[in-house]
Amino acid sequence: MQDKTLTCSDCGREFTFTASEQEFFASKGFSSPSRCPDCRAIRKAQRANSSYGGGYGGERQMYPAVCAQCGKETEVPFQPRGDRPVYCSDCYRAQQGGSSRGGYGGSRDRDRRSSRY
Ligand SMILES: [Zn+2]
Ligand SMILES: [Zn+2]
């Protein structure tokens with residue numbers, strides 16, 4: 001067998017499909033690769049990333065941010081864009097629990113009840 005030159009369907013670059021690779025592919029019953037080793041590696045990495053989904057803690061990339069509520073420095077699992085406020089975990093939880101905020105005095109809004117009359 002001889003080395004073959006193939007064109008990557010992803011990046012359009014030519015790459016070498018070596019004789020030993022051809023043998024390997026043939027033995028597995030695969031057809032010739034349509035992507036260069038680089039693009040294959042990228043795809044593999046992407047697949048691995050999406051299937052792991054940050055299960056093994058610490059693999060997930062965190063971005064530094066400043067909490068819009070209390071000004072504390074924090075880290076968020078997405079890139080802050082500036083078009084949305086970023087909260088630290090404490091403030092984020094407070095936002096989620098939203099309606100219970102300031103409920104200590106028992107000052108419930110009774111205006112809405114009128115519609116139930
Ligand atoms: Zn490629
Ligand atoms: Zn905060």
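**Group meeting: a walk through a predicted fold**

Hi everyone, let me start with one residue: serine 32 is exposed, since 11 other C-beta atoms lie within 10 Å of its own.

Before going on, a word on the source. This is a predicted model, where local features need pLDDT of at least 70 and side-chain atom pairs count only at pLDDT 80 or more, while totals for chains, interfaces and linings use all residues. Residues are numbered from 1 along each chain as its sequence is written, and chains are lettered from A and ligands numbered from 1 in the order in which they are written.

Back to serine 32. It sits in the loop between helix 1 and helix 2, the latter being residues 37-52. Helices here are DSSP runs of H or I with at least four residues, strands are runs of E with at least two, and both are numbered from the N terminus. Which residues does serine 32 touch, leaving aside its neighbours within four places in sequence? Its contacts are Leu6, Phe17 and Phe25, a contact being two C-beta atoms, placed from the backbone, within 7 Å. The C-alpha atoms of serine 32 and glutamate 21 are 9.2 Å apart, with 11 residues' separation along the chain.

Now helix 1, residues 19-28. Of its 10 residues, the number buried is zero, so this helix lies largely in the open. Glycine 29 follows helix 1, with a positive phi near 75°.

Next, the strands. Strand 1 (residues 4-7) pairs antiparallel with strand 2 (residues 14-17) over four bridges; pairing requires that DSSP finds at least two bridges between the strands. Leucine 6 has phenylalanine 15 in strand 2 as its bridge partner. This hairpin has six residues between its strands, and glycine 12 there takes a positive phi near 80°.

Further along, strand 3 (residues 63-66) and strand 4 (residues 73-76) run antiparallel, joined by four bridges. Tyrosine 63 stands opposite valine 76 in strand 4. Six residues separate these two strands in their hairpin, and glycine 71 in the turn has a positive phi of about 80°.

Finally, the whole protein. It holds three helices and four strands, in the order β-β-α-α-β-β-α from the N terminus. How much of the protein is buried? Buried residues make up 3% of the 117 residues. Among contacts with a separation of 6 or more, 16% join residues 24 or more positions apart.

How values were computed. Buried ≥ 20, exposed ≤ 12 C-beta atoms within 10 Å, placed from the backbone.
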